[in-house]
Amino acid sequence: MQVSGAWLTHPGTQALCAVLEGAGYQALFVGGCVRNALLGAAVSDVDISTDAQPEIVTILAEKAGFKVVPTGIDHGTVTVIAQGVPHEVTTFRRDVETDGRHAVVAFSTDVAEDAARRDFTMNALYADARGAVIDPLGGLPDLLARRLRFVGDPETRIREDYLRILRFFRFHAWYADPEGGMDAEGLAACAALSAGIETLSAERVGAEVKKLLTAPDPAPAVASMAQAGVLGLVLPGADARALAPLVHLENGAPPRALRRLAALAGENPADRLRLSRAESRDLASLRAAIGDMSPPAVLGWRLGADLAADALLARAAVLESPLPPGWQAEVARGAASTFPVKAADLPHLTGPALGAELKRLQQIWLSGDLRPTRDDLLN
């Protein structure tokens, strides 16, 4: 079987492969670029595995005029920028020691050893510079059937890195057949070892959860997370029931992790997922809007068009209520509105009295669904 695509035939990519192969080393594409190409999905990152050690990769690449960045050299990875395209080039590895968070690796010259340390069979596929697929572990049938399975024993793979529990649900949401159900052995291992999630950093957990929630339909995977006891460890108090209705209401709208996270709720999600300040602020606004029942135009004025739309979708899903008629036009009206009264319209007031009156008039304007005019408010 062959893979193809512009990412494969890019002159910089082909030149880098030629440099490695010309020196007697292997240059094999691996992981997401091979998986996505076989599924007909977009390829964003180009990863290359090789039996050349990182120091040799660096020498060969720099001699060819490419820029080399030692992004993960202790673990065998350098980033080679060839004709404007970054490539993560990693030496074949085998695990020497793992503790559930970090691994001590040794370099290898055997692609089968490299494949054996990967998480899922669909990620243990390689392709040479001509696009010919190499399948050391027999993972190709799994990929073509969109069947997600751990490489080897699931519990062993998870104990090597507990983040693989979350990756199991994330990859199922993105790449597995939703009608095929989850691999029972893998799901059981995730449930049995779920306590290991508590050893992970909030940054790593948050990154995985956000990737999961931006899948086209994460609802079945998140429901399985809840049943396995994983969701409660990641987001105590979260309720997955609103997620499927939310995806239905979105009706093809671009997936947004915070919109879906607001529907899940839970305790202290901003801290547990180490959200940025902007993300934390937007999530707080969304969760508040679910409960305050402000009309669409008012939300549009307060939150802006995008966040207001997210709030209304999440509210309808959580409360199991229909979206208001014409809500999109109303959100747009609110987002384009400006409170019509200015301080200059109240020349007889100053200081705290002026602020209080402006606040009072603004509340009247909001209560009137942004429809009172300047003259209405002043009179």
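These legends go with a set of close-up views of a predicted model.

**Figure 1. The whole chain, to get your bearings.** Welcome to the overview, which shows the predicted model from end to end. The protein chain has 21 helices and nine strands, and its C-alpha trace spans about 85 × 50 × 35 Å along the principal axes. Of the 379 residues in the protein chain, 47% are buried. Among contacts with a separation of 6 or more, 62% are between residues 24 or more positions apart. The protein chain exposes about 17,500 Å², and carbon and sulfur atoms supply 52% of that area.

**Figure 2. The largest pocket and its lining.** About 1,400 Å³ of space lies in this pocket. The lining counts 41 residues, and those closest to the centre of the pocket are Asp47, Glu88, Arg93, Arg118 and Arg167. Both helices and strands take part: α3 (32–39), β2 (46–50), β3 (67–72), β5 (85–91), β6 (93–98), β7 (103–107), α8 and α10 (202–213) each supply at least two residues. Helix α8 gives the most to this lining, with six residues.

**Figure 3. Arg170 on helix α8.** Here we stay with α8, which covers residues 163–175 and includes Arg170. Arg170 counts as buried because its relative accessibility is 11%, under the 20% cut-off. Leaving aside residues up to four places away in sequence, Arg170 touches Glu208, Lys211 and Leu212.

**Figure 4. Helix α11 among its neighbours.** Which residues of helix α11 (residues 219–227) are buried? They are Ala219, Ala221, Val222, Ser224 and Met225. These buried residues of α11 pack against α8, α9 (184–192), α10, α12 (230–234), α13 (243–250) and α14. After α11 comes Gly229, whose phi is positive, near 85°.

Figure 5. Rolling a probe the size of a water molecule over the atoms shows where empty space is left. The structure holds one cavity of 30 Å³ or more, and the largest cavity has a volume of about 40 Å³. The residues that line the largest cavity are Val209, Leu212, Leu213, Val222, Met225, Leu231, Val234, Leu235 and Leu264. Two or more lining residues come from each of α10, α11 and α12. Which element gives the most to the lining of the largest cavity? That is α10, with three residues.

**Figure 6. A salt bridge between Arg130 and Glu21.** Side chains of opposite charge can pair when their charged atoms come close. The structure holds 27 salt bridges, and in the one shown here, between Arg130 and Glu21, the closest N and O atoms are 3.0 Å apart. The pair links distant parts of the chain, 109 residues apart: Arg130 sits in the loop between β8 (126–127) and β9 (133–134), and Glu21 in helix α2 (residues 11–22). Arg130 is exposed, with a relative accessible area of 52%, whereas Glu21 is partly exposed, at 30%.

**Figure 7. A salt bridge between Asp142 and Arg149.** The closest N and O atoms of Asp142 and Arg149 are 2.7 Å apart. Are the two partners buried or partly exposed? Asp142 counts as buried because its relative accessibility is 3%, and Arg149 counts as partly exposed because its value is 32%.

Figure 8. The side chains of Arg259 and Asp310 meet in a salt bridge, with 2.8 Å from N to O. Arg259 lies in helix α14 (residues 257–264) and Asp310 in helix α18, so this pair ties together parts that are 51 residues apart in sequence. Arg259 counts as buried, at 3% relative accessibility, and Asp310 counts as buried, at 2%. Salt bridges that share partners join Glu250, Arg256, Arg259, Arg260 and Asp310 into one network.

Figure 9. Val318 counts as partly exposed because its relative accessibility is 34%.

Conventions
Residues are numbered from 1 along each chain as its sequence is written. This is a predicted model: local features need pLDDT of at least 70, side-chain atom pairs count only at pLDDT 80 or more; totals for chains, interfaces and linings use all residues. Side-chain values use heavy atoms; hydrogens and water are left out. Helices (H or I, at least four residues) and strands (E, at least two) are DSSP runs, numbered from the N terminus. Buried means under 20% relative accessible area, exposed over 50%, partly exposed in between (1.4 Å probe, protein chains only). Contact means heavy atoms within 4.5 Å. On a 1 Å grid over the protein atoms alone, a cavity is a set of points where a 1.4 Å probe fits but cannot get out, and a pocket is an open set with protein on both sides within 12 Å along at least five of seven lines; lining residues have an atom within 4 Å of a point. Grid points are joined across faces, edges and corners, and a volume is the space filled by probe spheres set on the points. A salt bridge is a side-chain nitrogen of Lys or Arg within 4 Å of a carboxyl oxygen of Asp or Glu. Accessible areas come from the Shrake-Rupley method with a 1.4 Å probe; for residues, only the protein chains shown count as cover.
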